Amino acid sequence: SAIAAFGAKVVEFGRDFDEAKHEAFRIAAVEGLHFVPSFHRDLVAGVASYALELFRSARELDAVYVGVGMGSGIAGLIAARDLLGLRTEIVGVGAAKAPATALSFAAGRPIATASAQTFADGLATREPNALAIATICRGAARMIELTEDAIAEAIRIYFDDTHQVVEGAGAAPLAALLQERQRMAGRNVAVVLSGGNIERARFLQVLRGDTPLTA
């Protein structure tokens, strides 16, 4: 509704991000439109501006935890860190029910999956981008996979402790840090909170103490 309010034509298609992506490819080809990809060098350069701001304002970070969907966020962090000559660990975070990126990181090459059934829709990708995977494999310290319960609990923590409404993908880095709290004890660590794109019904469900189910 918000996108349509800005005057855009909105087409809803498929059961997940990747099915919608393929339909967007088809529409662009049929109608002669320019397709804007979810991972591209120019996009990463723009996204890297947030990483530059983070590294400039929070110096000497030992590690940064960041959620990984198509990979622009983590690639931007890696690029900014390397250009600044820092030694900060970049830790990618995904959902165990959407394991394509973690599987690809472990294999050193893109591996697609048949499903991505996490309620953290910003992490729910099935077909990793080859350039993104190459960047993550080169520059990330590790990938962490989270349960749906861990992601939901991080959403509740953000609301209870900071009064912020946070989506699943935005809360995932905090959930990963909590999972590695002993490993990171005494270290200077940042987590990337990427957004609050969560539906009211789902958010209320999480606040009640439940974990949203996915088909």
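Q: In which sense do strand 1 and strand 2 pair, and over how many bridges?
A: This is a predicted model, so let's read its strands with that in mind. Tyr 65 stands opposite Val 91 in strand 2, which gives you a spot to look at first. Strand 1 and strand 2 run alongside each other in the parallel sense, over 5 bridges.

Q: Which helix does the chain pass through from strand 1 to strand 2, and what is the hand of this crossover?
A: Start at strand 1, which covers residues 63-67, and follow the chain to strand 2, residues 89-95. On the way the chain goes through helix 4, residues 72-84. This β-α-β crossover through helix 4 is right-handed.

Q: Which residue of strand 4 stands opposite Val 64?
A: Strand 1 also pairs with strand 4, residues 189-191. That pairing is parallel too, over 3 bridges. Opposite Val 64, you will find Ala 190.

Q: Which residue in strand 3 is the bridge partner of Val 93?
A: Strand 2 pairs with strand 3 in the parallel sense, over 5 bridges. Strand 3 spans residues 142-146. Within strand 3, the partner of Val 93 is Ile 144.

Q: How many of the 5 residues of strand 3 are buried?
A: A residue counts as buried when its relative accessible area is under 20%. Strand 1 is mostly covered, with 4 of its 5 residues buried. Strand 3 is mostly covered as well, and its number of buried residues is 4.

Q: How are the rings of Phe 159 and Phe 203 arranged?
A: There are 2 aromatic pairs in the count, and here we look at one of them. The ring centres of Phe 159 and Phe 203 are 5.6 Å apart, and their planes meet at 80°. Planes over 60 degrees apart fall in one class, so the pair of Phe 159 and Phe 203 is edge-to-face.

Q: How many residues apart in sequence are the parts that this pair, Phe 159 and Phe 203, ties together?
A: Phe 159 belongs to helix 7, residues 148-162. Phe 203 belongs to helix 9, residues 200-207. The pair therefore links parts whose separation in sequence is 44 residues.

Q: Which residues is Ser 104 in contact with, leaving aside its neighbours within four places in sequence?
A: Find helix 5, residues 100-107, and you will find Ser 104 in it. Ser 104 has 0% relative accessibility, so it counts as buried. With those neighbours set aside, its contacts are Arg 109, Pro 110, Ile 111, Pro 128, Ile 133 and Cys 137.

Q: What is the radius of gyration of the chain?
A: Now step back to the whole chain, which has 9 helices and 4 strands. Its C-alpha atoms fill a box of roughly 55 × 45 × 35 Å along the principal axes. For 215 residues, a compact globule would have a radius near 17 Å. The chain agrees with that, because its radius of gyration is 17 Å.

Key: Residues are numbered from 1 along each chain as its sequence is written. This is a predicted model: local features need pLDDT of at least 70, side-chain atom pairs count only at pLDDT 80 or more; totals for chains, interfaces and linings use all residues. Side-chain values use heavy atoms; hydrogens and water are left out. Buried means under 20% relative accessible area, exposed over 50%, partly exposed in between (1.4 Å probe, protein chains only). Helices (H or I, at least four residues) and strands (E, at least two) are DSSP runs, numbered from the N terminus. Two strands pair if DSSP finds at least two bridges between them. A crossover is right-handed if, with the strands pointing away from the viewer, the path from the first strand over the helix to the second runs clockwise. Rings of Phe, Tyr and Trp (its six-membered ring) pair if their centres lie within 6.5 Å; planes under 30 degrees apart count as stacked, over 60 as edge-to-face and the rest as tilted. The radius of gyration is taken over C-alpha atoms; the globule rule is 2.2 Å times the number of residues to the power 0.38. Contact means heavy atoms within 4.5 Å.
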